[in-house]
Amino acid sequence: MASNLLNHQIDDILESVLEDASGDVYMVNPSADAIEEFVSVATAFDGELPSVHMLADERTLKDVMDDFIIASNAADLISEDALALRTLEQAPENSLLSTDERVIAIVHAGDRVGGLVTDEESFVADTYDTYAGRWEDATQFNLRTPPITDVQETLADEISPEAEEDFTAILNSLETARGDGDGLDEVTISLLVAAKNEALLYDISKWGEDVGIASKATFSRTKTKLEDMGLIDTEKVPIDVGRPRLRLTIGDDRLREADNGQLATVAQSILN
């Protein structure tokens, strides 16, 4: 075994694998941090990505994919056939990266990460075949989050290009989008963007349901919560037939005065 990746960070190790791999890659039993780093590295990767088969603990995958930012970028990778997700019934002791040319065992030692590498042909072939077989028997992980490119493109088309710019700017200002106190969730962000651009509740909730962010009912419940807290207001807009529709507007002066980089921070401080 050679430790020629020792003392690298996990993102360095992942980038090295993506750069060198010519065929399929098996990423086995990654930690939550490694899953997040993989999505980040692969999303920013400048080149042709190999097809990464990620075999991970189901609970770990669910926890990581609760973050809209990570999940929507992962969904993009899946749509590009650069990533597939399946779950492990029994996880091995180590986290591994296996290609047809080498095996890398990921070792954590405090704040240091080592990639212990072997390119011994028979061992590499046996490991690769082992996890290829386990992959065939593994259960597919159902990622329900839509790809971020679909979200951005449809938001620009169905609401406005300005709304899409605001949505992307808010996401870029956040480290996480979970709605658990560490970040706003995707429905809240969508409604804040709609209010900033004075869109109709009907339009933003229909868009959100169609693209796969959340149901119209979830948008309605979240709108009521934000309205009760004073973050957004609504005004009735008459239509030719049926009940008037509601136009969303910003309800708090602190949000009205904030730019996109500050909007998430201000909204979060009010919500908390």
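These legends walk you through a few close-up views of one predicted protein model.

Some ground rules before you look. Because the model is predicted, local features need a pLDDT of at least 70 and side-chain atom pairs count only at pLDDT 80 or more, while totals for chains, interfaces and linings use all residues. Residues are numbered from 1 along each chain as its sequence is written, and side-chain values use heavy atoms, with hydrogens and water left out.

**View 1. The whole chain, before we zoom in.**
Start with the overall picture: twelve helices and nine strands. Helices (H or I, at least four residues) and strands (E, at least two) are DSSP runs, numbered from the N terminus. The C-alpha trace spans about 75 × 35 × 30 Å along its principal axes. Of the 272 residues, 48% are buried; buried means under 20% relative accessible area, exposed means over 50%, and partly exposed is in between (1.4 Å probe, protein chains only). Look at the contacts (heavy atoms within 4.5 Å): among those with a separation of 6 or more, 68% join residues 24 or more positions apart.

**View 2. A patch of negative charge on the surface.**
Here D119, E120, E121, D126 and D129 gather together. To join such a patch, a residue needs over 30% relative accessible area and no salt bridge, and like charges are joined within 9 Å. Pick out E120, in the loop between β6 (112-118) and α5 (121-137); at 41% relative accessible area, E120 is partly exposed. Lys and Arg count as positive and Asp and Glu as negative; His and the chain ends are not counted. Each charge is placed at NZ of Lys, CZ of Arg, CG of Asp or CD of Glu.

The structure holds nine salt bridges. D20 sits in helix α1 (residues 10-20), while R102 is in the loop between β4 (95-98) and β5 (103-109), 82 residues apart. D20 is partly exposed at 44% relative accessible area, but R102 counts as buried at 15%.

**View 4**
Another salt bridge joins E58 to K62, with 3.6 Å between the closest N and O atoms. Both residues belong to helix α3 (residues 58-65), and they are four residues apart, about one turn of the helix. E58 is partly exposed at 39% relative accessibility, and K62 is partly exposed at 35%.

**View 3. E235 and R247, a bridge between two strands.**
The side chains of E235 and R247 meet in a salt bridge (3.9 Å, N to O). E235 comes from strand β8 (residues 232-237) and R247 from strand β9 (residues 245-250), twelve residues apart. Both are partly exposed: E235 has a relative accessible area of 40%, and R247 has 24%.

**View 4. K223, a buried lysine.**
Find K223 in helix α10 (residues 216-228). K223 counts as buried because its relative accessibility is 9%. Who surrounds K223? Leaving aside neighbours within four places in sequence, K223 is in contact with L191, L201, I232, T234, L246 and L248.

Methods: Patches are made of residues with over 30% relative accessible area and no salt bridge: like charges are joined within 9 Å, nonpolar side chains (Val, Leu, Ile, Met, Phe, Trp, Tyr) within 5 Å. Accessible areas come from the Shrake-Rupley method with a 1.4 Å probe; for residues, only the protein chains shown count as cover.
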